[in-house]
Amino acid sequence: MMISVVGHADLTPDTLKLVEAELRARLEQQFVRASGVVRAGAGGALAFGRAVRAAGHRLVVVTPTQEMGPALLPAQDRTVTGALLDLAQQVRLLAYDPGDRDACVGADERMIAGCRHLLAVWDGSPSSGRDATAHLVAYARAHAVPVDVVWPQGAAREGMRGAPEPDRDDGPRGSGDSSATVGPWPTPETSEAGTSR
């Protein structure tokens with residue numbers, strides 16, 4: 001089973017710790033022999049990566065390519081991505097411009113379409129010109145991908161204290177080897193092993 005995560009990029013440092021603990025608990029309790037996939041970038045990606053590995057699952061990191069080569073990530077994403085790649089057992093290359101918001105949203109949609117479950121680190125706020133979390137939750141639900149909203153008690157975003165409680169309606173319902181491999185992104189018609197869904 002492939003599990004993906006999306007969420008706000010402006011989580012406070014204390015919230016990142018809360019989110020990591022909550023993600024790990026859910027991954028340990030709800031999923032067996034799962035692989036976690038996350039797009040490289042700032043925000044909760046590293047918390048998810050650590051939670052996936054701590055829960056004993058495989059981590060797949062999606063990184064951008066442009067013109068047949070690796071794309072340079074925005075400065076704020078580079079340190080996090082380096083740490084993610086250290087945790088990853090597999091790297092998947094996906095063609096998109098990491099400096100373009102719409103391209104990043106499109107990459108997230110493609111990632112979600114290839115997964116069986118989505119964990120959304122979301123405070124329930126609507127999407128904005130900078131944040132597309134609400135849109136991605138709606139996208140997953142519209143494509144029959146089950147969604148679990150993760151927003152622990154006490155969680156907050158930078159400059160957004162007192163955000164609304166998230167919509168809790170969830171809609172329709174690896175280990176050890178740290179060597180990364182590069183492979184194509186799976187199509188929605190195939191599972192991780194390449195068999196029909």
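User: Is His 8 buried or exposed?
Analyst: This is a predicted model, in which local features need pLDDT of at least 70, side-chain atom pairs count only at pLDDT 80 or more, and totals for chains, interfaces and linings use all residues. Residues are numbered from 1 along each chain as its sequence is written, and side-chain values use heavy atoms, with hydrogens and water left out. Buried means under 20% relative accessible area, exposed over 50%, and partly exposed in between, with a 1.4 Å probe and protein chains only. The relative accessible area of His 8 is 1%, so His 8 is buried.

User: Which side chain is joined to that of His 8 by a polar contact of 2.9 Å?
Analyst: A polar contact is a pair of N or O atoms within 3.5 Å; within protein, one must be able to donate a hydrogen and the other to accept it, and residues adjacent in sequence count only if both atoms are side-chain atoms. The His 8 side chain has such a contact with the side chain of Thr 133, at 3.5 Å. The contact of 2.9 Å joins the His 8 side chain to that of Asp 131.

User: Is Thr 63 buried or exposed?
Analyst: Thr 63 belongs to strand S3, residues 58-66, where strands are DSSP runs (E, at least two residues) and helices likewise (H or I, at least four), numbered from the N terminus. With a relative accessible area of 11%, Thr 63 is therefore buried.
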